[in-house]
Structures are given as C-alpha cells and as structure tokens.
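This report describes the nonpolar core, the fold and the chain contacts of the structure shown below.

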Amino acid sequence: MAMETSAVRAVPPQPRGAMAADPGLWLGLAVIVALCALPFFVRNFVVFQMTMVLVYALAILGLNLLTGISGQFSLGHGAFYAIGAYTAAILMEHGGVAYFWTLPAAGLICFAAGFLFGLPALRLEGVYLALATFALAVATPQFLKLTPLERWTGGVQGIVINKPDPPFGLRLSQDQWLYFFTLAVALLLYWAARNIVASRSGRALLAIRDNPIAARSMGVDTARYKALAFGVSALYTGVAGALGAIAVQFVAPDSFTFSLSVAFFVGLVVGGVGWLPGALVGAAFAMYVPNVAEHLSKGLSGAVYGVILIALIYLMPAGAGGLVRAIGQRLTSRRTAGSATGGDRA
Amino acid sequence: MELLGQQIIAGLATGAIYACMALAVVMIYQAIDHLNFAQGEMAMVSTFLCWQMLQWGVPYWPAFVLTVALSFAGGVVIERVVFKPLKDAPVLSHVVVFIALFTILNSAAGFIWDFTIKPFPSPFGTGSFLGTGLLSKHQAGMIGVTLLVLTLLWAFFRFTRTGLAMRAAASNPESAQLAGIRVGWMIALGWGMAAAIGAVAGMLIAPVVFLDPNMMLSILLYGFAGAVLGGLGSPAGAVAGGFAVGVVENLAGTYIPVIGGELKLPIALVLIVAVLVVKPNGLFGRMTVQRV
C-alpha cells in the first residue's frame, strides 16, 4: 500500500499508467493473434504440441497464482493435474459425459482437493510446504494404482479416451479444434486470474506474501485466504489436467510422476514468479527444452537439461518476468528521462 | 504376538536405511536451512563409485573409505561451485538448482553405468544374525553402522572446535562471522559431511534394494519423513525418526489390509503431513520462534 501511494505521488499517474499498459497490451494482442494463426500453417503433430504448451501454461498459471501471488510453495501440482486428468477420463469413459463438461467438474473436484490439502498446509512455510508437496507428488502414482479404485481408474493400464470432433461442421482437424478449444479456455482463465490478482482478495494474498504478520494484523484472514489460494491454484491445474487428458487421449498412473510436478515448478521459475504471462514462456520451456536437450545428447539429456537450468538461474534469477521487467524499466526510464525513478511495482 | 515382534524387528531393519538417509538430510539442513532434494542422487552416485572400485578389484573396506572421502570432496565442490554464487538467491532458485542437480546426477549415472539393476555386496556377509532368523547379518550391521555414525557425529559436534564452529555458523551466521568463524567454509563442510553420510547410507542400502540410478527417490522420501518425525534440527531425532518410520511402514503394511505392498509411499506422505500439522518441530526438535 505504502509503496503504491508513494509511486503515485512521485509520478503523475496518467502518463505512467498509459505507458505501462500500452506496450504490454499490444504485445499481448500480437501473441494472441499469432496463437490463433499458427495452427493453420503447421503439421498436426506441431498443433498437438502447441496444445500441450497451452495446457502446461494453464497448469503453471495455477502454480503462479499460488507461489507468485500468495507466496506458498508447491512441488506437488502434478497431483492436482492428475486428479483433473482422471476426473475427465473417468467421466468420459464411465459416465459418457461430453468432453467440455468434464472441465468444470475437474475444476471443482480439484478446487476441493486443493482446499483440503491447503488446510493442513497452512501451518507449513517454505521448506516444510515444499516437503509436504514433494511427498504428495512422489506418492501420486501409487494412489492411482490402488486396487480398490481399479474399476474406475483402470489400474496400471489407465484409460483410453477418444479425441472430440469439431462441432458445427467446422472444417478443422481434430487437433486444430482441440487447440482452439484449449486456447479459448486458457484465455478465459487467464483473464479470470488477472482479475483475481487485481481484486480485493488478490491484494490480500499479495499482502500475505509480502509480510504475513503485517497482513494478519491488518485484519486479513490469512488461513482462509491461503487455503482458498491453494484451492484456486489446484482448480487451474485440474482444468489443465482435464484438457491434457483429452489432448493426449490417455491417462495412466505413470504419466503423473514427480517429474511432471518438477516440470511445472521449473516452468514457473523460468517464466518468472508472480508474472502471469510468464506461464506461457515457462510452458514452452517445459515442453521444448527437454527435447532440445535430447537432441544435443541422447544419453545425457537429463544432464544437459540440468545444466541449462542452472545456467538460467545464474543468468536470469527472476525468470523471463524479471527480464521483461528489467527491459521495461530501462525503456520507461529512458522515455521519462529522469522525471521518474522507474517503476517499482512488481 | 510373535508376528508383531517379528514385524517390529523387520521394521527396525528397514528403518536403519531411512535413519541413515534422515541423518544426511538433517546434516545438510543444519548447514544450509534447506532440504536437499538431490541428496538421494548424490548418495546414489557415491554408491556407484564404490561399485566401480569393487569392479576394478579394490577390496571392500578400502573402497568404502575411499568412497566416503571422495563423496566428502564432491559435496564440498558442489557447494563451492554451484551454491556459493547463489548464496543470496531466493529459496525458489535453490530448489530449482537442487532439481537440476538431481537430473544431472541421475542422467550422468545412467549414462556411465546404465540403468540395469546391479547387485551390491554386503561387507557383513549373508545369513542370519546370531542364528535367530529375525535379522540378517547385513541388517544388524546396518543398524550398528548407523548408530556408530550417529555417535561419531555427536562427538564431533560436542567435543571438537570445528563442530562448535559449525553449530555457531548454523545458529547465528552474523555473530559467528564476527567471532572469526569462516561461515562459508562451515557450510561447505556441512555439504561435505552430508555427502559422506549419504555415501555411507547408499552403500549400506544398495545390498538390500540393489543398485540402479533410480533407487533413491522413494528412500529419500522416507528419509525426509524420518527427519521430519524426529525434528529437522536434531540428528539423534532423525535417526530415531527413521527407525520409527520403518516400523510404522512395516506394521501398516501387515495389519491394514488395503495398504499391503502398494501403498507404502503414501504412508510416508501421510506421516509427513500428519507430523507437520500436529507437531511441526518433530518429536525431538526444538521450537523455533520467529522474530518480527
């Protein structure tokens, strides 16, 4: 709060606001246009990969709401992704539900799961929360293989589902239709996430992140907000899981191992913690860099990936978000030429 | 009743594995205030080093000692090269680097020694301990070595200057620095010791679970569970916690029908969450008070 008022006082609000929004807005629109146009120029497999990038972006967006906005840790979001994926698969396979109705169901179930996991996690901070969620991630495949649930989950074999056909007789391939469907969902949820961050609840969460004790003493119900943040974050990741299951047409326990959670976490850090558009950058990293690493060296792909990660942490400690912020700051300070001390808003 | 007794003893035997790992986890937690998610992989690489030396015809105990020494050096080098430059980076960056180390070590080990499962010899021989049929010789040896390592550690921290300096550096870095302690090197020392203990753990575990690059992930989870149960600040607590986790795992597997063989990892999850919620400092840990 204090920082905001001082910034407003130091700089006339109008030009600064307009300048900060303009390039970002135009860039955002350009990205959306590019995302809409691309699938018409590439092969179906590439379209599928791009769908998965959007799916990952959605999951990382969820994680970003948790870590970037409310300051909680999670190495276990693969678990919520798995719950979302299984919800979609089970509903389609056993319930005969249409694919688009599985998304709200997956979202709701994951919200409940995240909220419930968030309740005990409230008492945990930093390392402890990382540990609890790490355990969740490692244990997930075993939960999914449980014998009593086999009737529903298909056990080790998993469930195969069908790819939906484009509706209204649209002349798109299945992959293209699914891509646009995912894009629409992702844009909707991104818009919602921005509004959440800008809302009263978002401010409360930011306050909790920056100083939990101060937030509590100002009357923010930390427990409730933290659990809610966990729930909403899980909701995003769950919807991503459902979309991912539909795109891959298959769910099985071993698709949801610890490395999936790691991919989300790495994507979050690479994209920039607290910078929502970074989710897309992080998702592209999570999707393509392992391939690049494999291309560089078949046997040592994991090692190459690890080295790339360490290099990134050294070079861009705040991820792509930090890089963009630094560039933006340089541009604004050049334009306003000394009249402002650069944006200090994160 | 006899079944119960047997299960408890068998639990203690597996618990020794977790106790070893938990000890390594606590060591590094003391030094850097973080949990090292790459700890298991570091131990795995150490074990492979020992295996390689054995393949080259080095006798067991020299290979053992050499491996511990190399692991110690390796731990120090990792701290100096990778983590020292990131000293002031946020926790998130540290976790990412842990993950990066994890994948690097895992993939390098797979590349050098491939992913096939290898048997690993036990220095204590095969057969049952004292002819009772409850414990194998190796399990008894494992419990013995764990307790020995714990005693050595306790003596080190209690009676040596370096041990005292390490404790000071961990509990209050600024004051320790002002008192002339080289805090940076104490942290590196902590890494080295953790790597060495991890190496011991790895070499003791390998005869039981067999050697392969992925052998450590679930064991690390149990090690964490043990460390949390005992309290992350207390080496003795971690060992006790590790043994307790082994017993709980075994009893739950025997007496709760759903769990059987397939729910063992979720037990660790439930244990971790339960302990953190009910008694976040663990059974033997001290309460930490946050200063505002």
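In this predicted model, the largest nonpolar core holds 209 residues, of which A:Leu58 and B:Ile272 touch the most other members. Helix α8 of chain B, residues 183-209, supplies the largest share of this core, with 18 residues.

The surroundings of A:Leu58 can be described in detail. When residues up to four places away in sequence are not counted, A:Leu58 touches A:Ala186 and A:Leu189, together with A:Tyr236, A:Val239, A:Ala240 and A:Leu243.

Chain A is built with 15 helices and 2 strands. Of its 346 residues, 47% count as buried. Contacts in chain A between residues at least 6 apart in sequence join residues at least 24 apart in 77% of cases.

Which elements of chain A give two or more residues to the side that touches chain B? Overall, 39 residues of chain A are in contact with 40 residues of chain B. The elements that give two or more residues to this side of chain A are α6, α12 and α14. Of these, α6(A) gives the most, with 13 residues.

By class, the side of chain A that touches chain B is made up as follows.

| Residue class | Number on the side of chain A that touches chain B |
|---|---|
| Nonpolar | 30 residues |
| Polar | 7 residues |

How values were computed:
Residues numbered from 1 in each chain as written. Chains lettered and ligands numbered in written order. Predicted model: local features only at pLDDT ≥ 70, side-chain atom pairs only at ≥ 80, totals over all residues. Helix = DSSP H or I, 4+ residues; strand = E, 2+ residues; numbered from the N terminus. Buried ≥ 20, exposed ≤ 12 C-beta atoms within 10 Å, placed from the backbone. Contact = placed C-beta atoms within 7 Å. Nonpolar A, V, L, I, M, F, W, Y, C, P; charged D, E, K, R; others polar. Core = buried A, V, L, I, M, F, W, Y, C linked by C-beta atoms within 7 Å.
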